[in-house]
Each structure stands twice: as C-alpha cells, then as structure tokens.
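Biologist: Thanks for sitting down with me. Could we walk through this fold together, one question at a time?

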Amino acid sequence: MTAETSQTLDRGLRVLKLLADTDHGLTVTELSQKLGVNRTVVYRLLATLEQHTLVRRDLGGRARVGLGVLRLGRQVHPLVREAALPALRSLAEDIGATAHLTLVDGSEALAVAVVEPTWTDYHVAYRAGFRHPLERGAAGKAILEARRQPAVDPGYTLTHGELEAGASGAAAPLLGVTGVEGSVGVVMLADSVPERVGPRVVDAAREVAEALR
C-alpha cells in the first residue's frame, strides 16, 4: 500500500477476488484469515459490498459473488473485444476464414468479437452475439478442454458440421488470463481444417491472452 491508495478499497477488492476464486463461498472467519484482518472489518466490507449487490450471503452465512458483478461484467466485453481485434484481423487475413473471440456466458459460448477476411470470394457469416452450448462447436469444446486440463496447454480443437452444415472450425483456449474464460478460433466452409490452421489459431490465442494481461 502507498499513500495514494485506499486500504479499505483494496481490502474490498481482495474480498471480491477471493470469492470469485471459489465455487462454495467463504465464511467471515475464512475471509478474516485470508485477509489477515479481524472479523469486524470483514463484516463491514461484506455489508458495503452487499449494498451494491456485489456480494450476497446464503442462509448458512457463506459469502458469494453477487449479481451486481454480472452487470459490471457486461461492460467488460467491449474492452476485451477491442484488445482482441488486432490478433483476430491478422488471423482472418492469414487463414482466409472468419475469426472469432468467444467467451463463456453461463453454460453457453458467446461470440464477442468477429472478423471476416477481406480477400476471399466467400466465407462463413458469423456474427458477434451468436450463442451456442459449450458442448458444441470448436470454440466451446476448446474451453471445456482447458477446464479438464487446467495445468496443461490443450492445444487446439477441431470440429466439423456441429454448428453449421458444411462448416469446419478450429479453436484454442485463452490461457493465463485472470477472470476471462474463452477461446479464439476460425470457422470455414470446408470438409476439414487445413493442417497449418490449428497451430496458427493457437498463436492467435496467445496473442489475445497477452493483450488481455
């Protein structure tokens, strides 16, 4: 901490980060131990965060991230999209296929940024805002593969005809970006994905991850 920073705000943000890292919530005692402050301080922090719906407490007294965080999260998409566009443009032009950044939204995959190549005669029309189950399509499956192997780089995922007849996809997950779960990929009208596309998609995912760190 420095003279220019707020200790109370810092602790409140640390509370949110701790709660975001657990699926089961934390008690006041657990938060007190993790923060290294007494329970009274934690009670005050939680009460303030609850007023802004950033935290909620269940009947057992465990604190969890509140729905107010979702409203803040919606404003993150434009920032993430802007950071990803250079890598997506390069990928689309290099491969000659539609490139996209997809993020997790609940149980679905949500395309938040899409770039189409400028020089091809035809390509797949894929729009920002398109949703599909995580279990279908290369974008969602790449994310699920990263979940299954959190300590391993899963490389890329290939699919064919799962979201659109005649279309193939390749995607690689974003790795090492705190608070962002997603993938970068391409979709093309082809029976199979050319060999060089998978590694190129992995490189693009790394570029986007670097831009978001």
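Modeller: Gladly! One term before we start: contact means heavy atoms within 4.5 Å. Please keep in mind that this is a predicted model.

Biologist: Good to know. Which strand does helix α6 run at about 30° to?

Modeller: Helix α6 covers residues 137-148 and lies across β3, β4, β5, β6, β7 and β8. The angle of about 30° is the one it makes with β7.

Biologist: And what is the order of the strands in that open sheet?

Modeller: The sheet has six strands with antiparallel pairing. On average it twists by 30° from one strand to the next. Read across, the order is β5-β4-β3-β8-β7-β6.

Biologist: Which strands stand at the edges?

Modeller: An edge strand here has a single partner, so one side of it is left without a neighbour in the sheet. That applies to residues 131-133 and 157-160, which are β5 and β6.

Biologist: Let's look further in. Which residue of β8 is the bridge partner of A99?

Modeller: β3 (residues 98-105) and β8 (residues 182-189) pair in the antiparallel sense over six bridges. β3 is also joined to β4 by seven bridges, again antiparallel, and there A99 stands opposite V115. In β8, the partner of A99 is V186.

Biologist: How many residues of β4 are buried?

Modeller: Buried means under 20% relative accessible area. β4 has eight residues and is largely enclosed by the rest of the structure, because the number of them that are buried is six.

Biologist: Which residue takes a positive phi in the hairpin of β3 and β4?

Modeller: That hairpin has two residues between the strands. The phi in question is near 70°, and the residue is G106.

Biologist: Which residue has a positive phi although it is not a glycine?

Modeller: Most residues other than glycine have a negative phi. With a phi of about 55°, it is T53.

Biologist: Last one: are α2 and α3 roughly parallel or roughly perpendicular to each other?

Modeller: V28, T29, L31, S32 and L35 in α2 meet R39, V42, Y43, L45 and L46 in α3. By class, that contact has seven nonpolar, two polar and one charged residues. The helix axes are 9 Å apart at an angle of about 110°. Angles of 65 to 115 degrees count as roughly perpendicular, so α2 and α3 are roughly perpendicular.

Notes: Residues numbered from 1 in each chain as written. Predicted model: local features only at pLDDT ≥ 70, side-chain atom pairs only at ≥ 80, totals over all residues. Heavy atoms only, no water. Axes fitted to C-alpha atoms, helices over the stretch in contact; angles between N-to-C directions. Helix = DSSP H or I, 4+ residues; strand = E, 2+ residues; numbered from the N terminus. Parallel < 35°, antiparallel > 145°, perpendicular 65-115°, else oblique. Nonpolar A, V, L, I, M, F, W, Y, C, P; charged D, E, K, R; others polar. Pairing = 2+ DSSP bridges. Buried < 20%, exposed > 50% of the residue type's maximum accessible area, 1.4 Å probe, protein only.
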